[in-house]
Amino acid sequence: MQLAGILHRPESEDTAILADHHLLLRLKTARQDIQKVEVVFADMYLWQAGAPFQQTVLQPGLVTAAQQVWTCPLTLPTNRLIYAFKLTDLTGQTLGYGDDGFFADTATNWQTTSHYFHLPYLHVSDAQLPPAWVKKTVWYQIFPERFANGDATNDPQNVTPWGVDPVKRTSFYGGDLQGIIDHLDDLADLGINGLYLCPLFTAPSNHKYDTIDHFEIDPHFGTKKDFQALVDAVHARGMKVMLDAVFNHFGDQAPQWLDVVKNGPASRFADWFHIHGWPVGRDTRTGTLNYETFATGAAMPKLNTQNPAVQDYLIAVTKYWVEQFNIDAWRFDVADEVDHGFWRRLCTALRQVKPDIYLLGEAWHSSQALVNQGQFDAVMNYPLTQPILALFKRELSLKDYIYKTNLQLLQYPQPNQQVMFNAIDTHDTPRLLTVLQGNQRRVQAALTLLMLLPGTPCLYYGTEVSLAGGADPDNRRCMNWHPTVAEQQVRTFVKQLIRWRLAQAEFLATSQLSWHVEDDCLELIRQSATQTVTGRFNLGSTTVSLPTTATVIMAMGLTAGEIARDGFALTVSKTR
């Protein structure tokens, strides 16, 4: 028995609270080392009064490159729990595992309280369960300056004609709020029920991540009246709206920073930023900045979010847009570079205003420290979605893809995993079509795989009409409102896929997930007590036969029961 491979952490993602009286236990062991795992459990007080321990078997679940994961749902009538695991290896040897480590499988040891993990009392509030509506949402990310120009009267000077390439970092095309309003019916027809809007607040750039005034809509986008009209129109169509906040830094034209530049250490905003010398600027000899910034950009001075005054200001910003305009969610830029204490205070304040608000942090890596613990419901799930690109670019073997994906699916408690933000491309990445070198079958296969995974999926604007684009700024091309027949066919497929995903939202959030690999065919299987949904993806050079017992929901490259190279089929059958 490989003891080094055995791990369980109480009060973590390994003991996910699902609801009052309901818990999901998880244990990790080395791969191909353990044949059976049981959990022995009781209410400690009832056990001490003479009630017997209960015992149940954990089921083998996801497998990573190094570990086998075992899971078991438990119902706790009293919400109190002590528990320990009994492991049986491939030779039949047994061992106990609990709070104080490993112990021999003897009757005396199983009567010793110190061997048991403890959950003194299950409080649902400790789970910080995310809003239920999010797992039933398909998001659509809009870069407002490039989506649609609905009001030419607010266009910037020297606006570039719509769609004229190449896109430059300084390009303005005139996209605005009215343009979004004008096309809400198109999004509703597509099946979208959540809009994620990149920053709308006053800023000099086209991307608006260099905010000047968080309390005002940028005049190139419109007015607060326009924004309220947008929110109302979104809600009237049963959609939600999420705004993007940049609280790691300000733009260097923000009045607070200009005051620091003007007044130096005497500025009342001097301790709003991380400043290491005066006057603020670059060392004339080394060229080094004497203040901290986002990345290396001098135009984005980093905020000191540990300062209570800064915290008060930023919390007031977020509450304002919730209270005054009834938005449904916030996405926080560069969340991993901001202190956890501030996030806890901000998230608590927002949940007091709107208990079912969705709070999302930007991170490009596994970020357990940002999820729960009084902070975000989820983070942008790049570690889950980026391997999809590597898979279809043939840069990952099928098994390595499965191991990497399973590893990410184990990072967070199940309720949070159900609302992780799964975007396969965004305004910060090259576009899906370009990454996959224009291979439309691979694009549609990648989107289908994305929709089958746990989490809340997001479509980047224009993906549905084959919008291409390389790295920033090319990935921010103008939306194509006049698609060709071929591009319209892609939209029809995406519409079908989204509507199927929404119809199966609860099933995809809660059903068991497993994988099967046969030669170069990858199968992702989602199974409940009543149905089994399978996505089959042919990543090889020869055709793959489709079982005749399954009903095809949608497919690409399927002819006479054979899936062609780069093709796929999504099927459903009754669970036996």
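Reader: Leaving aside its neighbours within four places in sequence, which residues is Asn-307 in contact with?

Author: Asn-307 is in contact with Asp-271 and Trp-272. Keep in mind as we go that this is a predicted model.

Reader: Okay, and where is the place of Asn-307?

Author: Find the loop between α7 (255-263) and α8 (308-325); Asn-307 sits in that loop.

Reader: How do I tell whether Asn-307 is buried or exposed?

Author: Check the relative accessible area: under 20% counts as buried. Asn-307 has 10%, so this residue is buried.

Reader: What does the side chain of Asn-307 do there?

Author: Asn-307 caps the N-terminal end of α8, with a side-chain oxygen 2.8 Å from the backbone nitrogen of Ala-309. A polar atom of the Asn-307 side chain also lies 2.9 Å from the backbone oxygen of Asp-271. Remember that Asp-271 is one of the contacts we began with.

Reader: Now for the helix. How many residues has α8, and how far does the helix reach?

Author: Count the residues, then go from the first C-alpha to the last. α8 has 18 residues and reaches 26 Å, close to the 26 Å expected at 1.5 Å a residue.

Reader: Which residues of α8 are buried?

Author: Here's the list: Val-310, Gln-311, Tyr-313, Leu-314, Ile-315, Val-317, Thr-318, Trp-321, Val-322 and Phe-325.

Reader: What does Leu-90 touch, not counting residues up to four places away in sequence?

Author: Leu-90 touches Gln-32, Asp-33, Ile-34 and Gln-35. For a sense of distance, take Ala-66: Leu-90 and Ala-66 are 24 residues apart in sequence and 17 Å apart in space, C-alpha to C-alpha.

Reader: And how do I read empty space?

Author: Rolling a probe the size of a water molecule over the atoms shows where empty space is left. In this model, the count comes to two cavities of 30 Å³ or more.

Reader: What lines the largest cavity?

Author: Its lining is made of Leu-432, Leu-433, Gln-440, Val-443, Thr-463, Ser-466 and Leu-467. Two elements, α13 (432-435) and α14 (440-452), each give two or more residues to that lining. By class, the lining has four nonpolar, three polar and no charged residues. The volume of the largest cavity is about 40 Å³.

Reader: And which residues line the second largest cavity?

Author: Pro-10, Glu-11, Thr-15, Leu-23, Leu-81, Tyr-83, His-118 and Leu-119 do. β7 (81-89) and β10 (117-119) are the elements that give two or more residues to this lining. By class, the residues divide into five nonpolar, two polar and one charged. This cavity holds about 30 Å³ of space.

Reader: How about the largest pocket: which residues are the closest to its centre?

Author: Of the 37 residues that line the largest pocket, Gly-61, Leu-62, Gln-512, Leu-513 and Ser-514 are the closest to its centre. About 960 Å³ of space lies in this pocket. β21 gives the most to the lining, with six residues. By class, the lining has 21 nonpolar, twelve polar and four charged residues.

How values were computed. Residues numbered from 1 in each chain as written. Predicted model: local features only at pLDDT ≥ 70, side-chain atom pairs only at ≥ 80, totals over all residues. Heavy atoms only, no water. Helix = DSSP H or I, 4+ residues; strand = E, 2+ residues; numbered from the N terminus. Buried < 20%, exposed > 50% of the residue type's maximum accessible area, 1.4 Å probe, protein only. Polar contact = N/O pair within 3.5 Å; in protein donor to acceptor, adjacent residues only side chain to side chain. Contact = heavy atoms within 4.5 Å. Expected span 1.5 Å × (residues − 1). 1 Å grid on protein atoms, 1.4 Å probe; cavity = no way out; pocket = protein on both sides within 12 Å on 5 of 7 lines; lining within 4 Å. Points joined across faces, edges and corners; volume = space filled by probe spheres on them. Nonpolar A, V, L, I, M, F, W, Y, C, P; charged D, E, K, R; others polar.
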